[in-house]
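Hi,

Here is the structure I promised to pass on. Have a look at it first, and then read my notes below.

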Amino acid sequence: MKLTAEQVKQAAMDAGAGDVGIANIERFANAPRGMHPKNIFPDCRSVITIVQPIPRGVYRGITEGTHWPNYSFYGYNRLNTLFRPRVTYATACFLEDHGAEAVPVYPGVPERPGTRAPVAPGKPAPEINLNVRIAALACGVGEIGWSKVFLTKKFGPRVRLGTILTDAELEPDPLPEPGTLCNRCMRCVKDCPGGAIPKAGEREPIRIQIDDKTYEWGDVHMGRCTLTHHGLNWEASPFLRKDFPGLDLDVRHTNLSEEAAYRLAYPMASASWLVSPEFPSDACMEFYHQIKSHIQYFALCGAKGCIRACMDALEKRHAIDQAGYPTPVFPRKPWRLTPPQDDVTGGIAEGKFPERFNRPDPNPGGLLPPGR
Ligand code: SF4
């Protein structure tokens, strides 16, 4: 019996998906070589996107300025590496139980050209990775907002995405009309603490063509985004301020690339140095070190502009299904850290430890009797 799109969607929903969409392979006609589904599975006929919601409450601790690990665990790394792939895996097994081959795709970062030699002449580099957001757009489950974050009708920007390639020929979902959800309100631009999302006209947007539709979004500065996301922006991280008081990286104006930002952020989170009265822990960035050791990931800004502000905007105009919660996204005035230049705890160590560096020793050599 021929497998239908409805059967596959029902299997994914039964496995715990928040939503499911399907594209035919023809919609990837303009995909670059390093991201084309057929360069993983040449017999692919359909692409399936599985939408997994990020619980709205995982952002609460960061919004209140009181609790950070929830977002890294439930909203990011474990959602992408554990909870979501279970649904992708179960759906892929369902397809194979019904006689279709199914490739569950690893959701790695595709924005990196391949560096290794092809395994045979005529083949692309062995580092093909799909752009899961563009695949999800082709599958009709939502659109890419100006912020480059994927938005769905049900959850807005609170989603992670999984992809399955299959040789089953399944009925595709309709493509969304451009601008269905993102009305270019630019709240994401205003609220991003890294200044990473461009204002209208600041940079040429990214444009792609799928069938007869043209989609575009902001060319996000990924170096600024990565520095902010991984906690090297004093505006978004009280931990940076504690471990490096006075450090003034001007993230909003830096032109560091995404790769260079990773090369800065990850070693910093793993680094250690001698303990001192000023820094009693040997971990250079104590919280990042701890959470990265536990979760293998650390997400610090809590997507303030691209997800939380966008969610606030979409909920307020009732553009998404999951709106109308009793508590607004930002229920109180957002917290704001003082700039590093005003941080009196930073700077010269001698002024901080007068006993050690400035005050004369009242009993050098310990020769005076106690109490004299
Ligand atoms: S906040 Fe959301 S809806 Fe508004 S411009 Fe940004 S991505 Fe679009």
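Let's start at Pro362, which sits in the segment after helix 11 (354-357). Helices here are DSSP runs of H or I with at least four residues, strands are E runs of at least two, and both are numbered from the N terminus. Keep in mind that this is a predicted model: local features need pLDDT of at least 70, side-chain atom pairs count only at pLDDT 80 or more, and totals for chains, interfaces and linings use all residues. Residues are numbered from 1 along each chain as its sequence is written.

Pro362 counts as exposed because it has 7 C-beta neighbours inside 10 Å. The cut-offs, with C-beta atoms placed from the backbone: 20 or more others within 10 Å is buried, 12 or fewer is exposed, and in between is partly exposed. Pro362 is 20 residues from Asp342 in sequence, and their C-alpha atoms are 34 Å apart in space.

Now for helix 6 (residues 222-229): eight of its eight residues are buried, so the rest of the structure largely encloses it. Among them are Met222, Arg224 and His229. The buried residues pack against helix 8 (258-270), where contact means C-beta atoms, placed from the backbone, within 7 Å. Just after helix 6, Gly231 takes a positive phi of about 80 degrees.

Last, the ligand. Of the 14 residues around it, Gly145, Cys182, Cys185, Cys188 and Cys310 come nearest; a residue is near if its C-beta atom, placed from the backbone, lies within 6 Å. Helix 5 (187-191) and helix 10 (304-316) are the elements that each give two or more residues to this shell, and helix 10 has the largest share, four residues.

Cheers

Definitions and conventions
Two residues are in contact if their C-beta atoms, placed from the backbone, lie within 7 Å.
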